[in-house]
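Have the picture open while you read.

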Amino acid sequence: MAVRDVAVLVGSLRKGSFTRLAAKAAMGLAPPSLSPSLVEIRDLPLYDQDLDERPPGEWRVFRDRIRRADAVLFFTPEYNRSVPGVLKNAIDVGSRPYGSSVWEGKPAGVVSVSPGAMGAFGANHHLRQSLVFLNMPAMAQPEAYLGGAADLFDGDGALKSESTREFLSKYLAAFERWAALHARR
Ligand SMILES: Cc1cc2nc3c(=O)[nH]c(=O)nc-3n(C[C@H](O)[C@H](O)[C@H](O)COP(=O)(O)O)c2cc1C
């Protein structure tokens with residue numbers, strides 16, 4: 001059985017992030033053929049094309065990590081109906097230098113998370129716009145908008161919603177098939 005390396009990116013930096021809790025819960029529900037790991041984006045210097053003449057070490061490590069991945073799962077909150085800048089920055093860093101994007105062709109999934117009722121729909125779809133341009137086949141169904149996120153986890157950060165657990169298990173099972181369908185190797 002091929003085990004696929006899945007890079008998991010979280011678009012929130014705060015300690016108590018619901019988005020990070022959702023990502024961790026989903027990683028624990030992944031089928032054995034997926035090997036998900038969190039890729040931290042906090043320390044990536046802001047993208048500045050001038051720096052690409054001698055790329056910062058953090059950019060090089062990040063780009064190498066994504067290059068190795070078979071697939072990418074994005075977990076994003078919504079800031080002002082869009083993707084938080086920190087996640088957009090990571091996407092921009094990975095996309096350059098021009099012609100050497102590390103995202104090229106990698107199957108992707110998008111899970112958006114919000115305490116609000118709309119499940120960060122706006123961020124989910126703004127992110128998809130970038131993925132289209134980056135030539136990343138992004139799984140269309142099932143869609144994943146996790147609303148009411150403040151009520152999904154217990155005091156220890158564990159998922160307490162059984163229906164969300166079931167949903168995330170199904171989502172990861174579908175993503176396994178999606179990653180296999182679009183595998184490059
Ligand atoms: C700058 C900023 C903008 C926000 N804009 C939105 C928004 O457009 N839609 C939304 O549902 N929540 C919005 N929120 C609330 C976030 O959903 C909430 O802070 C959430 O907990 C962030 O995700 P996290 O828990 O993973 O950090 C915003 C929060 C911040 C700090």
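β4 and β5 run side by side in the parallel sense, joined by two bridges. Across that pairing, Val-113 stands opposite Leu-146 in β5.

A few ground rules before going on. This is a predicted model, where local features need pLDDT of at least 70, side-chain atom pairs count only at pLDDT 80 or more, and totals for chains, interfaces and linings use all residues. Residues are numbered from 1 along each chain as its sequence is written. Helices (H or I, at least four residues) and strands (E, at least two) are DSSP runs, numbered from the N terminus. Two strands "pair" if DSSP finds at least two bridges between them. "Contact" means C-beta atoms, placed from the backbone, within 7 Å.

Zoom out and you'll find an open sheet of five strands in the order β2-β1-β3-β4-β5, with parallel pairing. The edge strands are β2 (34–38) and β5, each of which pairs on one side only. Here are the pairings of β3 and β4:

| Strand pair | Bridges | Facing residues |
|---|---|---|
| β1 (residues 4–10) and β3 | five, parallel | Val-6 and Ala-71 |
| β3 and β4 (residues 108–113) | five, parallel | Leu-73 and Gly-109 |
| β4 and β5 | two, parallel | Val-113 and Leu-146 |

How enclosed is β3? Six of the six residues of this strand (residues 71–76) are buried (20 or more other C-beta atoms within 10 Å of their own; exposed means 12 or fewer), so it is largely enclosed by the rest of the structure. Both faces are covered, with Ala-71, Leu-73 and Phe-75 buried on one side and Val-72, Phe-74 and Thr-76 on the other.

**The helix on the sheet**

Back to α4 (residues 121–133), which has 13 residues. Ala-123, Asn-124 and Leu-127 are buried there. Looking down the axis of α4, its buried residues fall within an arc of 100° (taken from the directions from the helix axis to the C-beta atoms), so they line one face of the helix. An α-helix has 3.6 residues a turn, so residues three or four places apart point the same way. The cover over the buried residues of α4 includes β3, β4 and β5. Turned away from that buried side are the exposed residues Gln-129, Val-132 and Phe-133. Just after α4, Asn-135 takes a positive phi of about 60°.

Note on methods
Expected span 1.5 Å × (residues − 1). Contact = placed C-beta atoms within 7 Å.
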